[in-house]
Amino acid sequence: MTTDTIEDATPGSPPRKSGTPASDTTGWKWRRSEGLVLNAFSHVFLVVWALMVGLPLLWALWSSFKSSGDILSHPLSLPTHFHFDNWSHAWSKANMGRYFINTIIVVGFSTFGTMLFGSMAAYVLARFEFPGNRLIYLCFVAGMAFPVVMVLVPLFFVTTNLGIINTLPGLILVYIAYSLPFTVFFMTSFFRTLPTSVAEAALVDGASHTRTFFQIMVPMAKPGIISIGIFNVLGQWNQYLLPLVLNQGDTSKWVLTQGLADLAVQQGYQGDWGGLFAGLSIAMLPVLAVYIVFQRQVQAGLTAGALK
Amino acid sequence: MRHGKYRFIIGFLAIPLALYGVLVISPFVQDFQISLTDWTGLTPDKHYIGFENYRKIIHNHLFWQSLWHNVLLLLIVPVVTLALGLFFAFMLNVGGRRKGSASVAGVWGSGGYKIIFFFPQVLSVAVIAILWQQIYNPDPDEGLLNVLLKGVGIGGQTWLGDPKLALACIMAVMVWANVGFYVVLFSAGMASIPTEIYEASLLDGANRSTTFFRVTLPLLADTVATGWVYMGIIAMDAFAYVQLMSVNDGGPNEKTDVVPLLLFKTAFRDNSQYGLAAAMGVAMLIVTLVFAALTLRLARRDRLEF
């Protein structure tokens, strides 16, 4: 829906009546030429911006195949022959492989947890009357407004006291907790839009509330769950501040963004620029590939929160 | 049945509420408490010292400078990003060649443009910041941007190393990273405006720019206001951009330092002054709330339902 243009959205706009007065036809022609100029202008600006976005990313990719000396002395040139060793260095020596797997583990569990717990809370808040309902909802929603950086110090000590600092499960729990506000906010309004009759029928037939939720409501809420799921996957995959503070310990537990930041500092000393660009590409390509395949869903998922 | 209902509610809320309470609400409350103490990493005990930390912040020149940088980001980055986003969204959706009877037409290939524009949105800020750090390489013969500029006869700059340019360089990257999101968002908003409204304005003799400023923009006001809040939050943060791109964490000469980075350095580097850092957190919260309240106040207007 988001990728539709106005024209596509309403194919059935009424046809123009024939036999319009002469004055209107000249106006029509004038507007037509205005349209052509605007059209040419549009494409020029749009192409320039597309190049400004696309070329830096392509540059990083093709630089990852060049030798470090080549990257510096001829920053613009295409690779003369392909240095795949940059990639293997980045993957094994710079540990990007390890960080990649850690990130998949963390994001996999935390997105699943966020969607499960977020939907459960949202369903209860959307569909059941009980004392404190409104207060709990407002508590979650207020969490969207305040900056995470504000609580860094106490969060550091809370996780230390719980013994979950510098561990992947700890990071997963923190990601879930900080993804809940938006997930609960969005899923609550989503559950409110779903019809109540199906769930009521299931209850009358003797299904428990829990069973009704998992077998009736979750499948009905699938579009919303997918949108917000994508939103959470990307947000958590790209998280930098939380792991920087809560996962500073053992490098074998780092996630991609930490590894990349470290790689940028290290290569500054070692001069292995090819390795840095290979590392950038390793972090960049999977996300871009997934995005290109699911671009409609991703665009819809990321803009869903801002539209309603 | 009634009993079952409450058991169900408690069962479903227990885990989410426990996680949220322990990891979000409790740190939030503790932040106020810690901000009133002299706690540092060097002493195991903390003593309540009232508002001493806040007094220190008010007299700290570096804090005000960092806050000023946040305010600059807050004023410039959202305006430029949203303006470019609206501009490109307009080009995509209304800039097309009119086909037959359609009153407005999307440009050819608008889906493709949107895919590319949206790229930075799916990338980590870490990737974006490090990539641009390389593009801004200050060496006149080795940096990509410098080599490109030399091609058109402009002398090399030190970019992030130049105290006057560094913050602007970071702002440019923030704009670059976020424009695509707003193009897609505003396009979706424009697509939801009924064509009859455009047709009416075209029949009344309005040209495209009038249509844009008098019809499209007012109808998109809500979406733009939401976008403003989003961009404001990004600008208030800016931690990852500055920490990864700037020389010496906020340099040169603290000319790019922002409050979140100052807080991070105060807490986890400079003698672990936890109390002082917590007070900065509270100050940030106040600034954010003022910003959000102002935006919502200014954006309040009558909704047009369609």
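Trainee: Which residues of chain B does UniProt list for "transmembrane region"?
Mentor: This is a predicted model, where local features need pLDDT of at least 70, side-chain atom pairs count only at pLDDT 80 or more, and totals for chains, interfaces and linings use all residues. Residues are numbered from 1 along each chain as written, with chains lettered from A and ligands numbered from 1 in the order written. UniProt positions follow the numbering used here, and annotations may be inferred rather than shown by experiment. The unreviewed UniProt entry lists residues 7-29, 71-94, 115-135, 165-191, 212-236 and 274-296 of chain B.

Trainee: How far apart are the end C-alpha atoms of residues 165-191 of chain B?
Mentor: Helices (H or I, at least four residues) and strands (E, at least two) are DSSP runs, numbered from the N terminus. This span is 96% helix and 0% strand. Its end C-alpha atoms are apart by 39 Å.

Trainee: Which residues does B:Ala129 touch?
Mentor: Contact means C-beta atoms, placed from the backbone, within 7 Å. Leaving out residues up to four places away in sequence, B:Ala129 touches B:Val173, B:Ala240, B:Tyr241, B:Leu244 and B:Met245.

Trainee: Which helix gives the largest share of the side of chain A that touches chain B?
Mentor: In total, 88 residues of chain A are in contact with 94 residues of chain B. On the chain A side, 18 residues, the largest share, come from helix H2 (residues 22-63) of chain A.

Conventions:
Contact = placed C-beta atoms within 7 Å.
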